[in-house]
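Q: Please take a close look at one part of this structure, the aromatic rings and their surroundings, and then at the pockets. Keep it plain for someone new to it.

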Amino acid sequence: MIQAAIFDMDGLLVDSEPHWRAVEIDIFATVGLHLTDDECKLTTGLPTDAVAEYWFERRPWDETIRTRAEIGEAILEGAHRQIGLHAEPMPGAVEILRFFHDRGIPTAIASASPMNLIEVVIDRLGIRSLLKTWHSATLEARNKPAPDVYLGAARKLGVTPTHCLAFEDSGNGLKSAHAAGMITVAVPALFEAEEPKFAIANLIIPSLLAFDEPTFQSLEATIP
């Protein structure tokens, strides 16, 4: 039996990715790095320090203006503010949490974002009552794509990782859940839908709205 459903947050439950990208464009411009929206999509799913490192390796700037650490902190601060004020739920996000809640199956968030931002999103979407717990990869030794945050969420729920459903929209997040041994459901953005990095998922769906009772039963049947 499926013991829990664990969800990524950014880009899956909350439509936060456009806000992240807008903030990244503004912050990187302060050091003379002018990124496009499409370029920012290349780092979707990475923590802010890894985003700063990614671009510094490819297009280094003068760190006397702003260090990589300062860039990462500024992105996080800006995204925190914008998401708290403007982010909306992704289609089907509240409905799928209620799907599991109504069946008595505990749900959790496993996010690369810090706990304070997770809390902001939970309150912004009004989903606190539909979640059993939430966990941040910043509290673990390694961030996604390592499995630590998913394993940590399973520990907090008191469930077996191999009996968990994990929902992800990014390649790095999917690797994390897959490495944790969970049954994985990928919900990639339209522009990434055909990319091979999602082939490791047990199921690929175009939207959380596509998840229903027959889908749930078919995934549950894969558990030995």
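A: In this predicted model, Phe100 is buried, because its relative accessible area is 0%, under the 20% limit. Phe100 belongs to helix 5, residues 93-102. Its ring forms an aromatic pair with Phe211, with 5.7 Å from centre to centre and 40° between the planes, an arrangement that counts as tilted. The pair links distant parts of the chain, since Phe211 is 111 residues away, in the loop between strand 6 (203-204) and helix 9. Phe211 also counts as buried, because its relative accessibility is 7%. Both rings belong to one aromatic cluster, made up of Phe7, Phe99, Phe100, Phe167, Phe211 and Phe216.

The count of aromatic pairs comes to 12. One of them joins Tyr54 and Trp55, whose ring centres are 5.0 Å apart and whose planes stand at 80°, which makes the pair edge-to-face. Trp55 is buried, with a relative accessible area of 3%.

Helix 9 covers residues 213-220 and holds Ser218. Ser218 counts as partly exposed, because its relative accessibility is 42%. A polar atom of the Ser218 side chain lies 2.7 Å from the backbone oxygen of Thr215.

Now the pockets. Rolling a probe the size of a water molecule over the atoms shows where empty space is left. The largest pocket holds about 450 Å³ of space. Its lining has 30 residues, and those nearest the centre are Leu46, Pro47, Thr48, Ala112 and Ser113. Helix 1 (17-29) and helix 3 are the elements that give two or more residues to this lining. Helix 1 supplies the largest share, four residues. By class, the lining of the largest pocket divides into 10 nonpolar, nine polar and 11 charged residues.

Thr48, one of the residues nearest the centre of the largest pocket, is found in helix 3, residues 48-58. Thr48 is buried, because its relative accessible area is 16%. Leaving aside residues up to four places away in sequence, Thr48 touches Trp20, Gly72, Ile75 and Leu76.

The second largest pocket holds about 320 Å³ of space. Gly11, Met90, Asp169, Pro188 and Ala189 are the closest to its centre among the 20 residues that line it. Here too, helix 1 gives the largest share of the lining, with three residues. The lining of the second largest pocket has 10 nonpolar, four polar and six charged residues.

Note on methods: Residues are numbered from 1 along each chain as its sequence is written. This is a predicted model: local features need pLDDT of at least 70, side-chain atom pairs count only at pLDDT 80 or more; totals for chains, interfaces and linings use all residues. Side-chain values use heavy atoms; hydrogens and water are left out. Buried means under 20% relative accessible area, exposed over 50%, partly exposed in between (1.4 Å probe, protein chains only). A polar contact is a pair of N or O atoms within 3.5 Å; within protein, one must be able to donate a hydrogen and the other to accept it, and residues adjacent in sequence count only if both atoms are side-chain atoms. Contact means heavy atoms within 4.5 Å. On a 1 Å grid over the protein atoms alone, a cavity is a set of points where a 1.4 Å probe fits but cannot get out, and a pocket is an open set with protein on both sides within 12 Å along at least five of seven lines; lining residues have an atom within 4 Å of a point. Grid points are joined across faces, edges and corners, and a volume is the space filled by probe spheres set on the points. Ala, Val, Leu, Ile, Met, Phe, Trp, Tyr, Cys and Pro count as nonpolar, Asp, Glu, Lys and Arg as charged, and the others, Gly among them, as polar. Rings of Phe, Tyr and Trp (its six-membered ring) pair if their centres lie within 6.5 Å; planes under 30 degrees apart count as stacked, over 60 as edge-to-face and the rest as tilted.
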